[in-house]
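These are my notebook entries on a structure that I am reading for the first time. I record what I looked up, entry by entry.

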Amino acid sequence: MSTLFSRVPAPGLVLLGIFSVQLGAGIAKNLFDIIAPSAVVMLRLVTSAVVLVIISRGLLRGVLSRHSRRDLATAAAFGVTLVTMNFAIYESFSRIPLGIAVTIEFLGPLGVAVAFSRRRLDFVWVALAAIGVVLLARDDGSGRVTVAGIGFALVAAAAWAGYILLSAATGARFAGSSGLAIASVVGSALILPVGISTGGSDLLRPEILLLGVGIGLLSSVIPYSFELEALRRMPAQLFGVLMSLEPAAAALVGLVVVGEILDAVEWLAIGFVIVASLGATRSQKKPWEAPEV
C-alpha cells in the first residue's frame with residue numbers, strides 16, 4: 001500500500017477515500033430496489049470482516065488468551081456500534097436523499113468534538129449545525145424527507161459518536177487492526193440473521209453478491225486503507241478538516257449516481273454543517289477519526 005500510493009499526496013488519499021465511501025453508498029442505494037437495506041449492510045460488513053480477518057490473522061492468533069474479558073467486551077461493544085451505525089444510515093438512505101442523511105449523521109463526530117472542548121466558541125458551531133439540520137428536516141411539500149429517514153440518520157449519528165469513543169478504547173487494547181477485525185466479526189454475526197431473512201433467495205444471485213462485495217470494498221476496505229496511509233504522512237488535524245467535506249461529497253454522489261437533486265436551501269444547510277464541523281475540528285488537538293471499517 002505504502003509503495004503503491006507513495007506518489008499520491010496524503011490529502012489526495014483522504015479525498016479518494018471520502019468519495020469511495022460515498023460511491024459505495026450510492027451503489028448501495030440503487031440496490032435497495034432489489035433487496036432490503038439490511039441485506040446490503042450484511043454483505044458490506046461480511047466483506048470487510050473477511051478482509052480484516054485475513055489482514056490481521058497473525059495478530060488474532062491466541063487473542064482470547066492474551067486479552068481480558070473487559071478487552072473483549074470493549075471490542076464487542078465496538079462491533080455493536082458498528083452494525084448499528086451502518087444499519088441505521090442505510091435505512092435512512094432508503095428514505096431520504098444521500099446528502100441529507102450523511103449531513104445529519106455528521107452530528108455524531110461533531111458532537112464528540114464539541115463534548116471534549118472547553119471553548120465557548122464551540123457553542124456557535126453547535127448552533128450553526130442545529131440550524132442546518134432544522135433546514136434539512138423542513139417539510140418542503142415534496143415528500144422526499146420523512147420523519148423515519150431523519151430518525152434513522154440521528155440514530156446513525158449517535159452510533160457514530162459511540163464508534164469514535166469505542167474505536168479509541170479498542171485501539172488502546174488491541175494491536176494493529178485486530179480489534180477492528182473482532183468488532184467487524186461481531187457486527188457481521190449480529191446482522192447476518194436479519195440480512196439473510198430480508199435478502200432471501202436474492203442473496204444467491206451472482207450479480208447481487210458481486211455488487212455487495214464491491215460495496216464492502218468501496219465503503220470499508222479501500223477508504224480504511226487510504227486513511228491509514230494518509231495519517232502516516234499528514235497532521236491529524238488536517239485529516240479531520242478534510243473529513244469535514246464528506247457531507248458535500250455525499251450530496252454530489254447522490255446527484256451523479258442516484259439522481260437526487262437538492263434545492264438551494266438544502267445545499268445551504270449542508271454548508272452550515274460543514275462550516276460547523278470545520279470550526280469544531282480546528283479547535284481540537286486530536287480530531288475524531290473517520291469511522292470506516
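**Entry 1**

I began with Lys29, which is buried, its relative accessible area being 14%. I note that the model is a predicted one. Where does the partner of Lys29 lie? Lys29 forms a salt bridge with Glu260, and their closest N and O atoms are 2.3 Å apart. Lys29 belongs to helix H1, whereas Glu260 sits in the loop between H13 and H14, so the pair ties together parts that are 231 residues apart in sequence. I looked up the accessibility of Glu260 as well: Glu260 has a relative accessible area of 12% and is buried.

**Entry 2: further salt bridges**

I then searched for other salt bridges and recorded seven in the structure. One of them joins Glu266 to Arg144, with 2.5 Å between the closest N and O atoms. Glu266 is in helix H14 and Arg144 in the loop between helix H8 (121-136) and H9, so this pair ties together parts that are 122 residues apart in sequence. Is Glu266 buried or exposed? Glu266 counts as buried because its relative accessibility is 1%. Arg144, at 26% relative accessibility, counts as partly exposed.

I also looked up Arg205, which forms a salt bridge with Glu207 at 2.9 Å between the closest N and O atoms. Arg205 counts as partly exposed at 31% relative accessibility, and Glu207 is partly exposed with a relative accessible area of 38%. A network of salt bridges links Asp202, Arg205 and Glu207.

**Entry 3: the chain as a whole**

I turned to the overall fold. The secondary structure consists of 14 helices and zero strands. The chain has 293 residues, for which a compact globule would have a radius of gyration near 19 Å; the chain has 18 Å, which agrees. Along the principal axes, the C-alpha atoms fill a box of roughly 55 × 50 × 40 Å. Of the 293 residues, 51% are buried. Among contacts with a separation of 6 or more, 89% are between residues 24 or more positions apart. I noted an accessible surface of about 12800 Å², with 69% of it belonging to carbon and sulfur atoms.

**Entry 4: helix H12 and its cover**

I examined helix H12 (residues 236-243), whose buried residues are Phe239, Gly240, Val241, Leu242 and Met243. What covers these buried residues of H12? The cover includes helix H1 (10-31), helix H11 (206-231), helix H13 (246-258) and H14.

**Entry 5: aromatic pairs**

I searched the whole structure for aromatic pairs and found five. For Phe87 and Phe152, the ring centres are 6.5 Å apart and the planes stand at 80°, so I recorded the pair as edge-to-face. This pair links distant parts of the chain, with Phe87 in helix H5 (residues 69-93) and Phe152 in helix H9 (residues 147-173), 65 residues apart. Phe87 counts as partly exposed at 29% relative accessibility, and Phe152 counts as partly exposed at 24%. Elsewhere, I found a cluster in which ring pairs link Phe32, Tyr90 and Phe93.

**Entry 6: a nonpolar patch**

Which residues make the nonpolar patch of about 400 Å²? The patch is made by Leu15, Phe19, Leu245, Leu252 and Trp267. Trp267 is found in helix H14 (residues 264-282). With a relative accessibility of 32%, Trp267 counts as partly exposed.

Key: Residues are numbered from 1 along each chain as its sequence is written. This is a predicted model: local features need pLDDT of at least 70, side-chain atom pairs count only at pLDDT 80 or more; totals for chains, interfaces and linings use all residues. Side-chain values use heavy atoms; hydrogens and water are left out. Patches are made of residues with over 30% relative accessible area and no salt bridge: like charges are joined within 9 Å, nonpolar side chains (Val, Leu, Ile, Met, Phe, Trp, Tyr) within 5 Å. Accessible areas come from the Shrake-Rupley method with a 1.4 Å probe; for residues, only the protein chains shown count as cover. A salt bridge is a side-chain nitrogen of Lys or Arg within 4 Å of a carboxyl oxygen of Asp or Glu. Helices (H or I, at least four residues) and strands (E, at least two) are DSSP runs, numbered from the N terminus. Buried means under 20% relative accessible area, exposed over 50%, partly exposed in between (1.4 Å probe, protein chains only). The radius of gyration is taken over C-alpha atoms; the globule rule is 2.2 Å times the number of residues to the power 0.38. Contact means heavy atoms within 4.5 Å. Rings of Phe, Tyr and Trp (its six-membered ring) pair if their centres lie within 6.5 Å; planes under 30 degrees apart count as stacked, over 60 as edge-to-face and the rest as tilted.
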